[in-house]
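I opened my notebook to get to know a structure that was new to me. Here is what I looked up, in the order I went.

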Amino acid sequence: SFFRNLNASPGDSTMHPFVLRTLFVISGRAWAAALVLCVWLCVGGVWGSSSAPEVCADYSANPHWEQCCGGAVVDRPTPSAAGSALVSCCGAVPYQSSRWVCCGGVLSPRASGTRCCGTTAFLPHQSLCCDGVLRNATTPGVACCGSSTFNASTQLCCGRTTVGIPTTGGLLRAACCQNRSYDTLTSVCCTNGSVRLASQGC
């Protein structure tokens, strides 16, 4: 490799051609050759000064092809992603956030609008995340009630319990009284959780 060839003697035929040319053209001026090599290696892009090494535990990650994920030095996904802000960590795994989504340490392909429910990726127009449980959301009016779903057009969620709406008044006049529903026009909810007629009071 190039770096092994740097240690070869001037008469060694395996020496890198760039080094041979430098030594013969600038014969007797070793300091100039060293300066040229330093500029080419350190500034020219191999160890570019634009990105300083990232300290990861007891090691340093070269930002051009490595990064620190979960306390470990790992290779970047692709050479073209080196130095890109789109490269993130999912636990100890590097990934491109434009193509993948990390949910609780698990990678899933990214689509427009993708969200996380625990370790599972989902699309809001297809599913709901109810207390960490993924539920189907293809039915119109469906909503979460605790870890379950209910039809918000015909039911109420009272105290994480699904209850039917009152037989009078409909949904617009319905409200929860602890874990039960009542008609706010004809009834009142008392502090002890009981429902009484508005004319009687609590």
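Predicted model: local features only at pLDDT ≥ 70, side-chain atom pairs only at ≥ 80, totals over all residues.

**Entry 1: salt bridges**

I began with Asp183, which is buried, with a relative accessible area of 3%. What does Asp183 pair with? I found that Arg173 forms a salt bridge with Asp183, and the closest N and O atoms are 2.5 Å apart. Here distant parts of the chain are linked: Arg173 sits in the loop between strand 16 and strand 17 (174–177), and Asp183 in strand 18 (residues 180–183), 10 residues apart. Arg173 is partly exposed at 28% relative accessible area, whereas Asp183 is buried.

How many salt bridges does the structure hold? I noted 2. One of them joins the side chains of Asp131 and Arg160, at 2.4 Å from N to O. Asp131 is in the loop between strand 11 and strand 12, and Arg160 in the loop between strand 15 (155–158) and strand 16 (161–164), so this pair ties together parts that are 29 residues apart in sequence. Is Arg160 buried or exposed? I wrote down exposed, because its relative accessible area is 56% and the cut-off for exposed is over 50%. Asp131, at 49%, counts as partly exposed.

**Entry 2: the hairpin around Asp131**

Next I looked at the turn that holds Asp131. Strand 11 and strand 12 form a hairpin with 2 residues between them, and Asp131 in the turn has a positive phi of about 50°. The two strands, residues 127–130 and 133–136, pair in the antiparallel sense over 4 bridges. I picked out one partner: Ser127 is bridged to Asn136 in strand 12.

**Entry 3: disulfides**

- Cys117 and Cys129 have their sulfur atoms 2.1 Å apart. The torsion about their S-S bond is about 75°, so the disulfide is right-handed. Cys117 is in strand 9 (residues 115–117) and Cys129 in strand 11, 12 residues apart. Cys117 is buried at 4%, while Cys129 is partly exposed at 30%.
- Cys145 is joined to Cys157, with 2.0 Å from S to S. This link is right-handed, with 80° about the S-S bond. Cys145 lies in strand 13 and Cys157 in strand 15, 12 residues apart. I noted Cys145 as buried at 3% and Cys157 as partly exposed at 29%.
- Cys158 and Cys176 have sulfur atoms 1.9 Å apart. Which hand does this disulfide have? I read left-handed, because the torsion is about -75°. Cys158 lies in strand 15 and Cys176 in strand 17, so the pair ties together parts 18 residues apart in sequence. Cys158 is buried at 1%, and Cys176 is partly exposed at 35%.

**Entry 4: Ala143**

Back in strand 13 (residues 142–145), I stopped at Ala143. Ala143 is partly exposed, with a relative accessible area of 23%. What does it touch beyond its neighbours within four places in sequence? My list reads Leu128, Ser148, Thr149, Phe150 and Ala152. Leu128 is 15 residues from Ala143 in sequence, and their C-alpha atoms are 7.6 Å apart.

**Entry 5: a surface patch**

Val93, Trp100 and Leu107 make a nonpolar patch of about 230 Å². Of these I checked Val93, which is in strand 6 (residues 93–96) and is partly exposed at 40%.

Notes:
Residues numbered from 1 in each chain as written. Heavy atoms only, no water. Buried < 20%, exposed > 50% of the residue type's maximum accessible area, 1.4 Å probe, protein only. Contact = heavy atoms within 4.5 Å. Patch = residues over 30% accessible without salt bridge, like charges linked within 9 Å, V, L, I, M, F, W, Y side chains within 5 Å. Areas by Shrake-Rupley, 256 points an atom, 1.4 Å probe, with all protein chains shown as cover. Salt bridge = Lys/Arg side-chain N within 4 Å of Asp/Glu carboxyl O. Pairing = 2+ DSSP bridges. Disulfide = S-S within 2.5 Å.
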